[in-house]
Amino acid sequence: MFPNARRDIAFPVIGSLVLFAVLFGGGMIYQTILGNGSAERLVTTMLVDAIIVIGIQIYIGNTGILSFGHIGFGAIAGYVFAVYAISPEEKLKRIPSAPFGLSDIQVSPALAIAIAVGVTLVFAFIVGIGLARSGAQSGSVAATVITLALLFVTHEVAKSWPELTGGNRGGIAFGIGESLKGRTPILAALFAALLVARIYGQSRSGKLAIAAREDNLAARAMGVNPLVQQMIALLISVAVVSVGSSLRVWQIGSILPDRFFFDYAMLTLVMLIVGGRNSVTGAVLGVAVMTAARELARRLGQDGFEIFGIGLDEAPLDWVFRENLNSVVLGLAMVAFMIWRSSGILEDWEFDQWLYQKIGRGQEVEPQRLAELDSVPETIFAASGINVSFGGFKALTDAGITAAGGEIVGIIGPNGAGKTTFVNVITGMVEPTEGRFSIDGADLSGKPAFELSRNGLVRTFQNLRLFGSLSVRENIEVSALVANEHRADRTIRDVDSLMAEAGLWEHRDRRARELDYGNSRRLELARAAAMAPSFMLLDEPTSGMSDSESLTMIEQVRHMAATVGAGVIVIDHDLGFITGISDRIYVFDQGQVIADGTPAEVQANPHVQAAYLGSAAIT
Amino acid sequence: MSELLQNLIDGLGRGSIYALLALGVAVVFGIMHLLNFAHGELITIPGYLTYWAFNNGWNWWTVVPLIVVSAVITSLIIERVAFSRVRGASDFTLLLTSFGVHFIVSAGFLLYVSASVKPYPRPTWFAKTLAVGSLNIEVFDLVVIAVTVVVLAGTTWLLQRTMFGLALRAAAADFDAARLMGVKSDSVIRGAFALSGFLAGIAGVFWIMREGQVTPTAGINPMLQGVLAALIGGLGSLRGAVLGGLALGLAEVLLRSWLPVGIQNLTTGFVFVMIALLFIFRPGGLLSVPQVERV
């Protein structure tokens with residue numbers, strides 16, 4: 001679950017405590033200085049908003065999917081809470097004909113919150129299935145619109161079902177029997193929300209969801225099923241939002257459809273985005289900053305307000321400082337941040353991880369080089385009779401290869417030979433018209449990409465797909481997490497050793513996107529090796545490299561494969577590289593395998609010479 | 001039977017307005033992958049101008065061109081001030097930028113005009129009906145349908161037969177390739193926003209006539225209908241957008257007449273649920289544009 005208990009549990013707990021103390025402490029100081037009821041209400045509102053924003057962060061931050069729907073879930077939770085929490089006498093006044101016999105029930109607020117969470121989670125699960133079906137991934141538009149639709153549906157239903165909700169007009173608001181005195185439940189929920197958000201972010205599911213956020217395709221190639229992790233994130237996030245929303249209703253003492261609609265969705269999103277949606281610290285900062293900015297704008301809008309002894313009611317400025325200025329501030333903050341700093345003030349800076357780097361981990365020693373495995377596990381990759389047609393065009397005809405564990409098999413061919421189509425077939429990107437491929441007889445054709453890698457066929461990408469904002473170490477950790485679950489029967493190498501092996505030790509804390517080209521290639525190789533693969537499929541591993549870099553790469557691929565006992569299937573169009581690295585070579589031309597054998601045999605083959613040098617070479 | 005026919009005409013009338021809105025959304029989406037949540041502001045702002053114009057003695061003959069022209073100008077200004085600065089950014093950024101623009105405009109009207117409803121007169125022929133056999137056809141629906149057909153025909157001509165249309169379609173298919181082929185990105189993007197504004201302006205004329213009033217949040221509904229219709233049809237497909245608009249209009253009218261009386265006011269909710277189901281089973285929309293995953 002957690003690769004490193006100190007980093008992933010202890011420090012997040014400390015971090016949650018600190019964030020909690022800062023937010024609550026700051027609020028108390030403000031409240032004490034002003035010493036009036038309105039300041040007290042402002043602080044309470046801020047604390048409740050913080051719970052909801054942290055809840056939303058768990059989903060948006062870790063999956064990268066923009067959701068407007070969380071406030072819709074909040075509406076469901078709020079109404080369920082209200083309907084259960086208020087007394088039958090009160091219901092007689094507000095909703096005398098409540099359905100499902102709800103008019104006679106009253107439970108304690110705590111139980112009402114629990115029921116609200118439970119009911120809302122059921123809805124979240126259904127919506128989550130819909131999101132998964134729509135192919136949700138980071139930034140996907142359809143998923144965002146589904147969540148927007150959810151927000152509107154809950155609002156419509158709340159407005160048009162007065163028997164249950166009391167409807168839309170003023171005066172039909174619920175008065176909740178005993179309104180919330182004191183802040184204890186809010187403070188407890190806030191701390192719990194921080195803890196849940198931070199620990200989820202460091203957990204296996206959180207890490208895998210973040211990997212999929214960074215690069216969905218690469219995550220699937222590393223055995224991650226993003227849809228499962230997104231669902232987990234959604235459910236946890238909705239649970240926190242439900243608690244926050246129930247408390248919001250309890251604290252205000254009433255609920256109306258408009259309280260959980262566009263404006264509140266906008267407010268919570270702006271809070272999340274301003275601070276930095278990818279970190280919990282950012283979410284908390286955003287709540288504080290936006291609460292302050294809106295309060296300032298509100299007071300500037302009132303007449304008679306002074307700042308530093310200067311009145312702002314002078315005629316020239318009066319057209320700016322008016323009531324409702326705080327709504328404009330929200331919109332401006334959102335657009336300004338999107339234009340100039342779309343990942344927020346803190347980007348993904350996380351306080352507790354920073355603290356861990358500073359004081360938590362002590363001296364790290366570079367691990368020894370890994371020894372190659374004594375014996376390579378016996379295993380066979382076989383693809384045979386692969387046919388692929390695009391419309392009338394036959395891209396592959398009866399193509400097939402075999403590879404054994406520990407062997408390095410090269411695939412080469414001129415442009416248009418069908419190499420890429422072949423790779424796409426055995427990586428699950430293209431469904432073959434005919435044919436199958438398997439490892440040790442287990443048929444893998446037609447399986448999704450994440451199943452292939454869990455079964456031992458792990459790929460790299462021609463144009464580099466790393467998890468850009470994750471550190472070098474975290475990139476490899478993602479694979480290790482999957483390997484521990486699905487590749488337990490193989491020798492799984494430890495993350496630090498693999499980093500050292502790939503020559504990345506000194507770069508271990510850098511973000512993957514900051515690496516130079518050669519190091520990025522090596523990181524991709526190490527990340528694939530961390531999956532404990534039976535076969536590594538390297539797609540043009542030297543593209544963009546100089547000759548001398550290619551030569552070094554040959555050594556690294558060989559050694560890395562030997563330390564994890566994997567066979568290698570390598571595709572390239574560089575004849576020198578392929579003959580230098582491979583034990584056996586398959587030559588593709590015009591969608592067919594035209595030759596195979598050792599490098600020497602293949603080079604002597606007249607058909608190969610024809611394909612590479614033109615048919616004149618034969619005659 | 002006659003009720004069905006009546007509903008069909010009614011639905012086509014509504015659907016035509018949605019189709020124009022959706023087409024505007026789709027044109028912009030095609031060119032910069034931006035799902036424009038601020039599309040409704042192309043109706044809010046002309047709506048307030050309409051209110052202002054009637055208070056200053058204008059009539060519908062002069063207000064109609066005012067609506068169309070102001071929609072085009074608004075579209076261009078929003079592009080210049082906000083969207084031109086986030087070109088090529090992630091979908092997440094684009095979505096939230098347009099959402100923010102919507103919020104600024106509606107909050108601005110709230111701040112500087114007022115939260116209250118601003119009414120203006122509807123055209124005199126608005127409520128007239130034509131009796132054809134047993135049918136009572138609203139003149140308004142007929143005008144909407146006729147104008148939409150003309151505008152769509154004009155737009156098709158523009159896209160298929162002019163250099164601008166060719167550049168726009170090329171840029172929508174592959175923006176970078178189109179630039180390399182000499183398509184000027186600035187002018188084609190501005191052209192797309194102008195076209196989008198013009199289509200919203202035509203739709204706006206009818207929307208504004210039908211509403212008879214304007215509020216700061218008047219843009220939300222046309223925006224939603226336009227965005228949803230574009231999605232129903234399949235994002236990226238212009239034909240799909242028109243189809244999606246008509247489908248949405250028909251679905252609304254037919255659902256309203258079929259739903260039992262007690263839950264008729266849940267029509268919008270049902271439409272949303274149907275749309276969500278459509279996305280779940282056909283994520284690409286009706287005319288889905290195949291998305292190939294690039295490695």
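User: How far apart are the mean positions of the positive and negative charges of chain B?

Analyst: They're 7 Å apart, for 17 positive and 13 negative charges. Lys and Arg count as positive, Asp and Glu as negative, with His and the chain ends not counted; each charge is placed at NZ of Lys, CZ of Arg, CG of Asp or CD of Glu. Keep in mind that this is a predicted model, where local features need pLDDT of at least 70, side-chain atom pairs count only at pLDDT 80 or more, and totals for chains, interfaces and linings use all residues. Residues are numbered from 1 along each chain as its sequence is written, chains are lettered from A and ligands numbered from 1 in the order written, and side-chain values use heavy atoms, leaving out hydrogens and water.

User: Why is Lys207(A) called buried?

Analyst: Buried means under 20% relative accessible area, exposed over 50%, partly exposed in between (1.4 Å probe, protein chains only). Lys207(A) has 5% relative accessibility, so it counts as buried.

User: Which residues is Lys207(A) in contact with, leaving aside neighbours within four places in sequence?

Analyst: With contact meaning heavy atoms within 4.5 Å, its partners include Asp8(A), Glu474(A) and Glu477(A).

User: How much of chain B is buried?

Analyst: Buried residues make up 54% of its 295 residues.
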